[in-house]
Amino acid sequence: MTRRASIVGDSVFSTAGVLAQGLARFAYTAIIGRAFGADLLSAVNVAFAASILLSLAWPTAAGNAAAAYARPGETGVAVRARLQRSVLLSLVPIAAAAFILALVLGGGPVQAVETAALTIAWSGYIYARGLLMGMGRVAAAATWDLISAVLAIGLLAAVVVTRQDHLALLPAIAGYAVFCAAGLVIAHRTRPAVTAGSGGSPSLMRFVGWNSLALIATNGLMQVSMVVAFAFDTPDRAGQYAAALSLATPVSMVSQAVTQALLPRFADWAALPPRERSRNFRRTNLVVGGVMALGCLAVALLMPFVLPLFYGEAFSAAVPIAQLLMAGVFGFSISILVVAYLSATGRAHFATLLAGGSSLLGLAGMLAIGVVVDGVAGAVWGVSIGMLFSALALTATAFAEGRTTIHEDRVGYDLRGDKRTP
């Protein structure tokens, strides 16, 4: 198989798996909206948003590091051991934060425990998926994506039939936990018999740290928007926004899947001359950007038919919200791709500053509009402004590479996580 065919094949498998998860997430929220109404839908989506947001603080970035550097072989063993220990340590504070956040937002003790459990399960899922990507087990990841998604929907059906609405998060927790367990087992069986030392230098952890900040600056704004809608608007209006956001989820997850599949290639490109790797990335960015633009436009055009079909006429007010939100999803899709490339090629600091500044701009607009108008308007306009500005600034920076080296951090990472000067 040629190198280009391998890249395309990995991207297709990765996209298929995450799309299965995204569609399952959409079906999950649609079933809850239909069966239990907008109030519970908004509460469930806030729990999802909190778990994803908190996992960005370390596990998601550790998954990206695993995708980029946890290759099969002795060095990969060291990297995996170091990353896995760091993820386990991070679960304690982020689970505690999820529990407290759920209580602050008005949830009871049961909902707080479920939110903490969801945060742990999602963090395990996103790390295990990155691990399988790095080890080349892309088809296995896609298979378990499908299995865990079907399991979650099946268990949710049981919750709906028994009318146990207080257990609405448990099926998702079970699905992500099953994927995590399967992924870690597959990784363990793939690992060679060679033992390694302590593994990785501090530069690997620095990569994860900066990538965490960059992820919070990009993906974080989308998750915060759900919290803002919930906090500054009525439960029914927040439920409308939750429905709109759930329709955007499969589209945004496609770009995340492609990005994760490309991370090993971005890490390899770090060894190339700036002009050559910039040329490679321009082609990749234009292809991914074109596909995402067409996808977002198609979803926006289909929204008046799709949203009422799945959620019912009670959610028809969510249609214009969902259509505008697709602009933010497109900006988000481009942003995470460029951030991953810049991070893997030694410019995580600059990528984080650009993404962070853009997100602060979006957050300021989100809060201002939320206070003056309402929470939902603030959420959708804040996401769109912040993500589009982020995509523009990051892409301009990445495309300028090769013409100037002013923004080079001059620190890359090899497969051991050791420093490397490009």
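## Basis of the model

Because this is a predicted model, local features need pLDDT of at least 70 and side-chain atom pairs count only at pLDDT 80 or more, while totals for chains, interfaces and linings use all residues. Residues are numbered from 1 along each chain as its sequence is written, and side-chain values use heavy atoms, with hydrogens and water left out.

## The chain as a whole

Let's start with the big picture. The chain has 13 helices and two strands; these are DSSP runs numbered from the N terminus, with helices being H or I of at least four residues and strands E of at least two. Of the 422 residues in the chain, 58% are buried, where buried means under 20% relative accessible area, exposed over 50%, and partly exposed in between, with a 1.4 Å probe and protein chains only.

Contacts (heavy atoms within 4.5 Å) can be sorted by sequence separation. Among those with a separation of 6 or more, 84% are between residues 24 or more positions apart.

## Helix α2

Helix α2 covers residues 38-55, 18 residues in total, and reaches 26 Å from its first C-alpha to its last. That is close to the 26 Å expected at 1.5 Å a residue, the expected span being 1.5 Å times one less than the number of residues. The helix is mostly covered, with 16 of its 18 residues buried.

## Where α3 meets α9

Helix α3 (residues 59-69) packs against helix α9 (residues 235-269) at an angle of about 55°, and their axes are 7 Å apart. Axes are lines fitted to C-alpha atoms, for helices over the stretch in contact, and angles run from 0 to 180 degrees between N-to-C directions. The two helices are therefore oblique to each other; angles under 35 degrees count as roughly parallel, over 145 as roughly antiparallel, 65 to 115 as roughly perpendicular and the rest as oblique.

On the α3 side, G63, N64, A67, A68 and Y69 take part, and they meet Q260, L263, P264 and A267 of α9.

## Two residues worth a look

R163 sits in the loop between α6 (138-162) and α7 (170-190). Its phi is positive, about 60°, although R163 is not a glycine. With 47% relative accessibility, R163 counts as partly exposed.

A327 lies in helix α11 (residues 318-344) and is also partly exposed, at 27% relative accessibility. Leaving aside residues up to four places away in sequence, A327 touches S384 and L388. The C-alpha atoms of A327 and W381 are separated by 9.5 Å, with the two residues 54 apart along the chain.
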